[in-house]
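I opened this structure for a first look at one annotated stretch and its surroundings. My notes follow the order in which I looked things up.

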Amino acid sequence: MNPALTLYLDSNFLSPYAMSTHVALSEKSLPFEIRLVDLAACEQFMAPYAQRAPTCRVPALSHEGFHLTESSAIEEYLEDAFPPPRYPALYPTDTRDRARARQLQAWLRSDLLALRQERPTENVFYAEAATPLSDAAMPAMGKLLRVAELLLKPGQRGLFGDWSIADTELALMLKRLTRAELPDWLADYADHQWQRPSVQQWLRHNQDARN
């Protein structure tokens with residue numbers, strides 16, 4: 001029996017957190033329905049969405065009458081509700097690696113604000129940024145590169161050997177930088193993550209939303 005899963009997303013397919021949950025469901029090979037929320041029209045604050053998602057944010061997941069927001073919470077729920085080995089893993093099996101993956105997710109959501117503001121996801125999904133980062137955003141770029149270089153080595157394809165959802169999220173943050181701003185090996189790592197079928201599926205949705 002197929003699980004009754006519905007994923008609520010921004011109608012422009014621009015949210016990095018919506019992308020992460022969409023990738024997670026795709027990687028789990030779970031059938032799910034997509035419903036779009038028009039953030040420009042403030043639909044997230046209207047009924048019935050606000051009743052399902054009290055925080056009035058996207059993404060949101062509905063599963064057999066259970067409603068959940070916050071992308072990292074959704075992904076941890078999916079890992080618990082549809083665990084490996086029956087379903088593909090979103091997180092490393094090693095306890096410490098799993099904790100590190102969740103640490104990285106939390107950090108990417110809570111830090112690097114100047115970088116996220118100056119390089120929104122339009123620069124990731126539509127066109128690479130044409131102007132350099134401001135002096136205010138340069139420390140955020142430096143911090144991102146320092147963390148990535150601590151967690152990865154040149155030629156390494158995944159943070160923990162096998163793919164994890166943290167790889168998708170780190171790659172997305174790295175892609176806020178231009179190719180010229182990245183060491184070649186980190187740009188290659190991000191490009192490799194971008195080729196996963198689950199990510200390509202999201203990019204097709206993004207392209208369709210623009211057309």
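**Ground rules.** I am working on a predicted model, where local features need pLDDT of at least 70, side-chain atom pairs count only at pLDDT 80 or more, and totals for chains, interfaces and linings use all residues. Residues are numbered from 1 along each chain as its sequence is written, and side-chain values use heavy atoms, with hydrogens and water left out.

Helices (H or I, at least four residues) and strands (E, at least two) are DSSP runs, numbered from the N terminus.

**Sheet.** I read an open sheet of four strands, in the order E2-E1-E3-E4 with mixed pairing. Two strands pair if DSSP finds at least two bridges between them. E2 (33-37) and E4 (66-69) are the edges; each has a single partner strand, so one side of each lacks a neighbour in the sheet. E1 (residues 5-10) pairs with E2 in the parallel sense over five bridges, and I located Asp10 opposite Val37 in E2.

**H1 on the sheet.** I saw that H1 packs on the sheet and touches E1, E2 and E3 (60-63); contact means heavy atoms within 4.5 Å. The direction of H1 makes about 155° with that of E1. Axes are lines fitted to C-alpha atoms, for helices over the stretch in contact, and angles run from 0 to 180 degrees between N-to-C directions.

**H1 and H10.** How far apart are the axes of H1 and H10? I read 9 Å, with H1 (residues 16-27) and H10 (residues 197-210) packing at an angle of about 130°. That makes the pair oblique (angles under 35 degrees count as roughly parallel, over 145 as roughly antiparallel, 65 to 115 as roughly perpendicular and the rest as oblique). Residues making the contact include Met19 and His22 of H1, and Trp202 and His205 of H10.

**Backbone details.** Where are the cis peptide bonds I looked up? One joins Ala47 and Pro48, with omega about 5°, and Pro48 sits in the loop between E2 and H2 (49-52). Another joins Pro84 and Pro85, with omega about 10°; Pro85 lies in the loop between H3 (71-81) and H4 (95-110). I also noted Ser29, not a glycine, with a positive phi of about 60°, in the loop between H1 and E2. Most residues other than glycine have a negative phi, and most peptide bonds are trans.
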